[in-house]
Amino acid sequence: MSNRPAKIYFDPYLFFSLFALSILGLFFLYSASNGDTSIVLKQSVYIFLGFAIMLAVSQADPDVFRRTSLVFIIFSVLLLGVTFLFGPEINGAQRWVRLGPFSFQSSELLKLALPIFLANFLFDKRLPIQSREIVISLAVIFIAFILVARQPDLGTGLIVALSGLFVLFLSGLSWSFIGGAFIALIICSPLIWNVLLQPFQQQRIATLFNPESDPFGAGWNIIQSKIAIGSGGIFGKGFGEGSQTQLNFLPETKTDFIFSVIGEEFGFFGVVILLSIYFFILMRCLYLALNARDRFCRLVIGGLTLTFAANLIINLSMVVGLLPVVGMPLPFISKGGSSLISLFFAFGIITSMGTHKKFLPQ
Amino acid sequence: MIFEERQVEKNNFSSRAIFLFVLVGACFVAVLFQVFALQVSSYNSYELAALNNKNYAVPIQPLRGEILDRKGFAIVRNEPTFDLITKPDLIERPELFLELIKPVIFLSEIEEAAYLKKFKEKAFVNKELVLKKNLTAEEIARFNVRSFNFKNAFIDKRHRRISEYPQIFSHVLGYTSRSDNQYDLSMDIPRSHWADAELTYANGLIQGKTGLEETYNDHLLGTHGKRIYEINSRGRLVKTLGYHPPENGLDLHTHLDIEAQISAAKGLGNRKGAVVAIDLKSGGINVLYSAPNYSINKLSNGMSVKEFQDLIQDPDKPFFNRALQGRYPPASTIKPAIGMFGLSNNLINWNEEIDDPGFFTLPENGRIYRGWKKGGHKNVNLKKALMVSSNTYFFKLAYQSDIKDLASYFSLFGFGSRVCRDCFDEDPAFVPSPEWKYKNFNIPWFTGDTVNIGVGQGYLVATPIQLANYISILANKGSLPQPTVMKITDKNLEARSKNATLSKEDWAKMHNALTAVIESDFGTARSIRDLKNFQVAGKSGTAELVSLDSKEAYLEVRDTELLRDHSIIIAFGPMPNPQYAVSVVIENGESGGAVAGPVAIEVLNSLLNE
């Protein structure tokens, strides 16, 4: 980067909408934690750190990410291995790795590394992509998925797999292949249900369709979440006034079910505002992807943005009762440092890819 | 290195990216649609569900109405009592707490064990728990001095159901006790919340179990109030959201007369029996007394197991309400009804005389039915037969009667059916019929059975309240508002008995004859004539428990008290315009007039000297 321009790479639309989202998130978290300021303080430190990371990351030239993509994915996989060997077991799953005073969810890195790696692998391949490339890409995706799903963390595993598949799709995977895979998936679905899914995961899917069958067990979360959202009405019960939230009927208010808190206290009105911000961010990213300087950047922005969108939609669908309960935080709002930092990291990459323009021909 | 991207690849990317973003947009719409369905379309049901989650309503017990006598004096009232109540969520170690409080409050081992057993669940949900009921004044004083040591306990006022006359009114009032199914499910309070009711009574949610307490439970109970708490998901009470005060129960105004009941009790003393008195104008029951009895105060507020067992096993059966359930042969007291039956059916008239040699011979088989007086009463007409209680006269009259006609005539006086409008568990007693006899004994009805009924012996039995109802109908010359304990203000509710009709002249003569039983020199109950300063009409009876042919044989039986005759009197006064009627039955009391008579007079005296 000898001729690095003396400018700051920065996208005001993304920056301020993320800022608005994060600040709103702090308010929601305050209410969701029954007014626990220490949690909010900790979260705001992460947010501050996140913005710093995002700004720093977005200064790097996209080429840096491309050239380091192999190192990055190897590092991520190694981290997963470390987690598997040394990570503490929490609730029957090993997901965390400790780095000094911080603990980090190691799968978060893979969500970034995998799409960048695949984008680098695929961006210079001419259309249509050849079977060899498809097979290699799918193999990498499958390995990444298995590593995370074995933790076990099926939700993140699926997101990781999706992050890779998005890139593969965007890079021009043929429709006939997609169609074939889809049919194969449907045929294999009984196998997946019986072999791949743990009993508790089967239970979660079963309770989605009939939460009342087990109102105090697995169905409790879905029922209470729907009650919280539904009782919010159009304008909500007011900040800190949600009985489902404040009296702890709603589970996991600070993490997975924080959207229910928003629905209860701010109503349909609040939900529409929140979703508008998310939608605006997604649209801005789409714009950046379409106008990025090259195919690699496009693929990375598209992959990361769609991963973010999938993450968001899975969480929303889960808490409103459209999908089974999977552990998935609401991006930028749920409590949790690793998810926040990796999100800002991702948006740093997106900003970098979206704002760096082509070098002038030498 | 920059790869020279061809336009076709750029277009391919754009269309695919837009395709995926449209999918994302569709998911947004789906989520938004679902949120709309929850928050707008189904808002009402989810709002209710959220309220049901957090709102915890508990009932508040109302204060039960008092039961008052006819002058307005309380027979049963609510007496404040003081309980020591604890807040388990503020007590860390219940065993230690009990050690600390024991020097202040006396606790039995049973109380301690019961407290510790309930402690755990209550501590978790910060509800109150009673440690000790009915503190003594000394305990209250000791606690108040040390109350600063016990932030987790306080004294609260509760009530007990107390009567100043726990024994003599026990049968008519009945008792209350905690009921496990005292729920008012119309109240929109879930069943499980009733265990957390705010109590007004030390004994919890009490309910009338017998007597007036049971019959008028709804009237006395009142309406439960409601306190709505906000609870969290663990069931801890957070704060009060709403309060609807209870409506206290209504007082029950009765016709009972404390003074008259006391005189009935005094008159009976420690003998077994029953006294019933009725106000002729209203049909109001002024006295409803049965002996022996028990203490409703103890039964309502906690009686030891031993005391209760002793009462249950007492051979004198103190729980047995003789006034409503005791079946006694009416004996000679039935004679006025037999006489009326004869008059109504033109079998006899007032003037016709028969010869009473002291016995009646059944024409069919020559069997002898004896009178009480050896040698008989010579020539007797109806008036003399009633006055001297000639058995022969009524044997002969009964002999001429058809049992079915006689039985249906008895029913006009309430025999064989429940006569009281609001008495608890009244026994209808019994009027026999040939069918009944054949069914139960497999032998046909004999004429001799009818003859026995002529003097109130044999299969006919009646309760003291039926006897009182019967004599009241006689006193009122045929009709009577249905006897009732509660004062009825709504005249439409008054039901009058079926009329036992006689001509005006016959009624006058009947009253005249019944007055002569007591007031004439030859009446069988003349011994009580001087106990009062007004005239009284009536009829005494001596119910034989064993059928004997001679007085000598009876004197042998007499040694066993339980085989002695029952003494009965039915009376009304003051004549000639009677106001009250009374029936008295004294078990094994022997001669009706001499033993039961004075009790009846005392009750009439008491009722008239108001």
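Author: Domain bounds here come from an automatic or database domain assignment. The model is predicted: local features need pLDDT of at least 70, side-chain atom pairs count only at pLDDT 80 or more, and totals for chains, interfaces and linings use all residues. Residues are numbered from 1 along each chain as its sequence is written, while chains are lettered from A and ligands numbered from 1 in the order in which they are written.

In chain A, the assignment gives domain 1 (13-59 + 218-357) and domain 2 (72-197). The centres of domain 1 of chain A and domain 2 of chain A, taken over C-alpha atoms, are 22 Å apart. Counting two residues as in contact if their C-beta atoms, placed from the backbone, lie within 7 Å, 21 residues of domain 1 of chain A meet 22 residues of domain 2 of chain A. Helices (H or I, at least four residues) and strands (E, at least two) are DSSP runs, numbered from the N terminus. On the side of domain 1 of chain A that touches domain 2 of chain A, helix 13 (295-319) and helix 14 (337-355) of chain A each supply at least two residues. Helix 13 of chain A gives the largest share of that side, 11 residues.

Between the chains, 36 residues of chain B are in contact with 43 residues of chain A. Helix 1 (7-41) and helix 2 (43-54) of chain B each supply at least two residues of the side of chain B that touches chain A, and the largest share, 21 residues, comes from helix 1 of chain B. That side of chain B divides into 22 nonpolar, 8 polar and 6 charged residues, where Ala, Val, Leu, Ile, Met, Phe, Trp, Tyr, Cys and Pro count as nonpolar, Asp, Glu, Lys and Arg as charged, and the others, Gly among them, as polar.

Chain B is itself divided into domain 1 (57-253) and domain 2 (258-300 + 321-608). Their C-alpha centres lie 47 Å apart, and the contact takes 28 residues from domain 1 of chain B and 22 residues from domain 2 of chain B.

A nonpolar core is a set of buried Ala, Val, Leu, Ile, Met, Phe, Trp, Tyr and Cys residues joined through C-beta atoms within 7 Å; buried means that 20 or more other C-beta atoms lie within 10 Å of a residue's own, placed from the backbone. The largest such core has 116 residues, and those with the most contacts inside it are B:Val275, B:Val276, B:Ala277, B:Val582 and B:Val603. Apart from it lies another core, of 105 residues, including A:Ile47, A:Leu173, A:Ile350 and B:Phe21.

Key: A residue is buried if 20 or more other C-beta atoms lie within 10 Å of its own, exposed if 12 or fewer, and partly exposed in between; C-beta atoms are placed from the backbone.
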